[in-house]
Amino acid sequence: MKLSELYDIIFDGRYLSLPADDMDRVERCYQFLRSFANDKVIYGINTGFGPMAQWRVDDSHLKELQYNIIRSHATGAGEPLSDIQVKAAMIVRIGTFLQARSGIHPSVINLLQEFVNRGIYPYIPQHGSVGASGDLVQLAHIALCLIGEGKVHYQGVWRNSREVLNENNLQPMQIFIREGLSVTNGTSVMTGISIVNQYFAENLLKYATIAGAWINEIADSFDDYMSVEENICRRQPGQQVIAQWLRQASEGSRHLQKREHELYDPSRNKDSYFYHKVQAYYSLRCLPQIYGPIYDTLMNAANVIQNEVNSACDNPIVDYTSQNIYHGGNFHGDYISLEADKVKIAMVRLAMTAERQLNYLFHDRINGILPPFLNLGVLGLNYGMQACQFTATSTTAECQTLAMPNYVHSIPNNNDNQDIVSMGTNSALLCQKVIDNAYQVVAILFIALAQATDVLNIANMLAPISHRYYNQIRNICPKFIDDTPFYDDIANVEHYLRTNIIDHLTFS
């Protein structure tokens, strides 16, 4: 499955179908395990789990063993994951099972498919995973609902899982050989959260780039900062893309300057002091160099996430093609944890840049063209957007605190069986928090850009793309002169940015 296909299913409600060829391979893998496991000692089938793998389990208790791993590990705490995160996690788990390396009965995949397509979302608390044997605790909560226990979010209401299964004429998951361990074992929750993060992070970078083009129009900047010739000298692919996006967003603008007209023409450059800045502040002119690495980080994360979705992250690996079973650590979450931390750091940088652009717009002694805090009222009596900066700055500061990588915070546990762990789900959730914060900062920036545009009365001189978003913001937050509360405007603009996906700038 490609990320774009996952986005269609997760966010646009496209029906999740199961390829017949993949399901045939799942059946063959199950049949192989069924015949292979009879007279062998295989972890998690006739042994205990984790450090208790040294104890063999009597054949009379093998089904009970699988139920025990589910019930004993449903120990999560904290607020539940959102429906969209749970949906993504279940889809990723299906992707793992379709690799036909788990030895599960195909009915497990069919039941997960029904949960996804019918909007049945298991209760999964945020806290509990150390990301080593994958997301044992969170996945156990999914498995708990599959066997008809626990609770699910269905049609906006928390209900008993068994009731919802009965209402939908669905049979609970049965235990055949190792279904309990297989459903609970792997990186699917951290990967599902990361898919949702990736979707929103990609979109936010596009909005931040549009805001960057717009603020350079407001500053009447020289346009060579985004030129092909300037940026192609730096052999970094993301920088080329961001420069291209900036040129695309600025096309048709009548409020950017040409350096060759203003400074390279001897008839125009006689002054001994230039009131218009020869070079803009870094937060304006260095956007290809600042946002370029963010683009590259997101591209790498997308590749890792897509690979993980299409991987078998179970243990042991049941390989019907070689007629053998292999024990290892494909459930370890380091790939996802490291990428989540990198995306988080990149989004902190985006928020920092947006906050500095706000400071440029609000600081009259820096920009030299706008009233303090974009105040169109009476200075001293009115305050414009002064307090909006408090919100943006404090939110950015929280992002900076959260920037510390979680990937390096391994704590041994499980009787030291899990002696080094990934903390991947924590990393993904912290990344989500930073992305949410960054949306708030960028929402304030868009309000400020619209207000600055009205202060200068340049709306009709903006590039068509900037003008489009000026109109959208003004539909949400009209021009203001008198002091007004902004909390609803900020929330509404943030909602607009999160729910309106930009398709005229593309990741490739």
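## A pair of partly exposed residues

R71 counts as partly exposed, since its relative accessibility is 42%, and in this predicted model its side chain meets that of E149 in a salt bridge, with 2.7 Å from N to O. The two residues belong to distant parts of the chain, 78 residues apart, for R71 sits in helix α3 whereas E149 sits in the loop between α6 and β4 (151–154). E149 has a relative accessibility of 26% and therefore also counts as partly exposed, because that class covers values between 20% and 50%.

## Other salt bridges

The count of salt bridges comes to 14, and two further examples can be set beside the pair R71 and E149. One of them joins E114 to R118, whose closest N and O atoms are 2.6 Å apart. These residues are 4 places apart in helix α5 (residues 106–118), so about one helical turn separates E114 from R118. E114 is partly exposed at 24% relative accessibility, and R118 is likewise partly exposed, with a relative accessible area of 35%.

Another salt bridge brings together the side chains of D454 and R474, at 2.7 Å from N to O. This pair links distant parts of the chain, 20 residues apart, with D454 in helix α18 (residues 424–456) and R474 in helix α19 (residues 464–476). D454 is buried, its relative accessible area being 15%, and R474 is buried as well, with a value of 12%; both residues fall in this class because buried means under 20% relative accessible area. In general, side chains of opposite charge can pair when their charged atoms come close.

## The nonpolar core

The largest nonpolar core holds 159 residues, and the members that touch the most others are L205, M347, L350, L361, M385 and F446. In soluble globular proteins, nonpolar side chains tend to be buried together.

L350 shows what such a position looks like in detail: when its neighbours within four places in sequence are left aside, L350 is in contact with L204, L205, A208, Y291, I294, A438 and V442. Among these contacts is L205, which is itself one of the core residues that touch the most other members.

## The enclosed cavity

By residue type, the lining of the largest cavity divides into 5 nonpolar, 3 polar and 1 charged.

## The largest pocket

The largest pocket holds about 580 Å³ of space. It is lined by 31 residues, of which Y43, F49, G50, H73 and N414 are the closest to the centre of the pocket. Two or more residues of the lining come from each of the helices α3 (62–73) and α6 (136–146), and α3 gives the most, with 5 residues.

The residues that line the largest pocket divide into 13 nonpolar and 18 polar, with no charged residues among them.

Key: Residues are numbered from 1 along each chain as its sequence is written. This is a predicted model: local features need pLDDT of at least 70, side-chain atom pairs count only at pLDDT 80 or more; totals for chains, interfaces and linings use all residues. Side-chain values use heavy atoms; hydrogens and water are left out. A nonpolar core is a set of buried Ala, Val, Leu, Ile, Met, Phe, Trp, Tyr and Cys residues joined through side-chain atoms within 4.5 Å. Buried means under 20% relative accessible area, exposed over 50%, partly exposed in between (1.4 Å probe, protein chains only). Contact means heavy atoms within 4.5 Å. Ala, Val, Leu, Ile, Met, Phe, Trp, Tyr, Cys and Pro count as nonpolar, Asp, Glu, Lys and Arg as charged, and the others, Gly among them, as polar. On a 1 Å grid over the protein atoms alone, a cavity is a set of points where a 1.4 Å probe fits but cannot get out, and a pocket is an open set with protein on both sides within 12 Å along at least five of seven lines; lining residues have an atom within 4 Å of a point. Grid points are joined across faces, edges and corners, and a volume is the space filled by probe spheres set on the points. A salt bridge is a side-chain nitrogen of Lys or Arg within 4 Å of a carboxyl oxygen of Asp or Glu.
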